[in-house]
Amino acid sequence: MAEGSTPISDATIDVLVVGGGTAGATVAGILARDTDLRVLLLEAGPDYGPLSAGRWPADLLEARCLPGSHGWGYSGLAHPSHDTPTSFDRARVIGGCSAHNGCVALLGHRRDYDHWAELGNTGWDWESVAPAFERAKRGLRVRLVDDAEVTPYQRAFVEGAVAAGIPRVLDLNDPDDVSAVAPSPVNIHDGRRWNAALGYLDPVRERPNLTVVGRALVDRVEVRAGRAVAVQAIVAGERRRFPARRVVLAAGAYGSPAVLQRSGIGAVEELGALGIAPVHDLPGVGRRLADHPTVVLEYRGAPELDQTMEEFGGAHWLPDEQTLVKTQSRRCREAFDLHLYAVSNHDRDTGVWRYVVDVSSMAPVSFGSVALTSADPEAAPAIDHGYLSDPEQRDLNVLIDGVEIARRIMGWAGNRRRLAGELQPGPEVGTRDEIAGWVQRRVGIYYHPGCSCRMGPASDPEAVVDTDGKVHGLDGLYVCDASIFPTLMRANTNLPAAMLAEHLAGRIGEL
């Protein structure tokens, strides 16, 4: 088989999980731990085994900065006005994006989940999912950041936010807050990025009912008489067939709809155009792709700030990402709809410090799609996030409000002493119309794709799965990842994806 795997007889597979990312590693680990079901996990990227084996690459464990390795290489235009592609990359490795992320572990607001229930998803309101969030926090070793860990730039951002009227809180994971600033809760343990593979697979790696196969690219699911019966995958260059009593797709917001479409599950007319024999007409597959559209303000630091950052880094740890504001635009009527995130990084080759504030619309109303370009499993799908496409321009105006709030924070008197000027958008961009033009030219991704196989009642023409994650109209086939979010939560999607798996694992295991 592949590295990190143990032998398994095809005939004994009870649950086959496609994708070892946050949700996939979590659901596979829970099922192996809590049941006697034979679980097979197929991951397209490498499996580095348990942490104790010492095979994990340093960049995947390093919590101070984002790794640049193990990507799928996805890209696309973030806005029709752009002439160069934006990276939409995801992690191709065991642990998925939990092994790739900035270690931010947020849950959003209770209204996110209450709204899911209002859309017909019974059992997904805040009170129902809150226990699963607590279990996910423990699994990912989520902790609060101590004030002594906060870098000088991040401290300045917090002070500027407080001066702008945003309350300083202890924990950004209060589900009722509508405006707050603090260091982000993080999935960091002993200085390491604590990913879902470490949290959920390592404790059960030695159990005989779990097999993990790395470098196993899943092509499609076989369906017979309305039931999923097997998966076809490319393992070590060879096509293999894995019969299973139940198949769980956890390939992510880009990968899961692509697997379904290659399996003949989706919009019949689109599949036929690619020469794929239709198996099950389900038009919602790949529709309603959502992400949090983002723009980045950039500042030059004054020499004093650069020096204090250098000194801090010599004595403390120095993460790229750390402090965050959640707040309301002038259009927000409930919860909050903005993230403002302070990021700093240092180019060791040039010695230049970069100070930025990411501004993200957290309740987007613009949607896009994921569509196959080929039946080849190695071919990247066409990804269109539909950023800023809502006809009323709500997302655009929320981002404009966010830019204005960021400028108030960074323009506070204390920060004016620390900064040497705004590089982006720059002083020549001042009016709302000018900011709007800049936002459209610069809008990009927050790396939180979801909703492309959304959960909803069968009466919803765009719903793909029911409240148990079961694909509408088919038996034995489930989806358990960020693609089934009915709408995006006001949070980074890593912790919610683990919550999702915690919440669904028991139902998926009921064979």
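Modeller: By contact I mean heavy atoms within 4.5 Å. Helices (H or I, at least four residues) and strands (E, at least two) are DSSP runs, counted from the N terminus. This is a predicted model, so to speak of a local feature I need pLDDT of at least 70, and 80 or more for side-chain atom pairs, while totals for chains, interfaces and linings take in all residues. Residue numbers start from 1 along each chain as its sequence is written, and side-chain values use heavy atoms, with hydrogens and water left out.

Now the nonpolar cores, meaning sets of buried Ala, Val, Leu, Ile, Met, Phe, Trp, Tyr and Cys residues joined through side-chain atoms within 4.5 Å. The largest one has 105 residues, and L42, W56 and L477 touch the most other members. Helix 13 (residues 494-508) supplies the largest share of this core, 8 residues. W56 is worth a look of its own: leaving aside residues up to four places away in sequence, W56 touches Y48, G49, P50, L51, L61, I94, A99, N195, A197 and L198. Apart from that core lies another one, of 48 residues, and among them are Y153, L297, F312 and Y387.

Then there are the rings. Rings of Phe, Tyr and Trp (its six-membered ring) pair if their centres lie within 6.5 Å; planes under 30 degrees apart count as stacked, over 60 as edge-to-face and the rest as tilted. The structure holds 11 aromatic pairs. In one of them, Y113 and W126, the ring centres are 6.0 Å apart and the planes sit at 40 degrees, so this pair is tilted. Y113 belongs to helix 3 and W126 to helix 4 (residues 126-139), and this pair links distant parts of the chain, 13 residues apart. Both Y113 and W126 are buried.

Y153, from the 48-residue core, turns up again here. The rings of Y153 and Y355 have centres 4.9 Å apart and planes at 45 degrees, so they too make a tilted pair. Because Y153 lies in helix 5 (residues 152-163) and Y355 in strand 19 (residues 353-361), the pair ties together parts that are 202 residues apart in sequence. Y153 is buried, with a relative accessible area of 1%, and Y355, at 0%, counts as buried as well. Back at Y113, ring pairs link Y113, W116, W124, W126, F133 and F485 into a cluster.

One last stop is a serine. S184 sits in the loop between strand 5 (180-183) and strand 6 (188-189). Is S184 buried or exposed? With 0% relative accessibility, S184 counts as buried. Its contacts, again not counting residues up to four places away in sequence, are V104, V145, L172, Q322, T323, L324 and Y341.

Methods: Buried means under 20% relative accessible area, exposed over 50%, partly exposed in between (1.4 Å probe, protein chains only).
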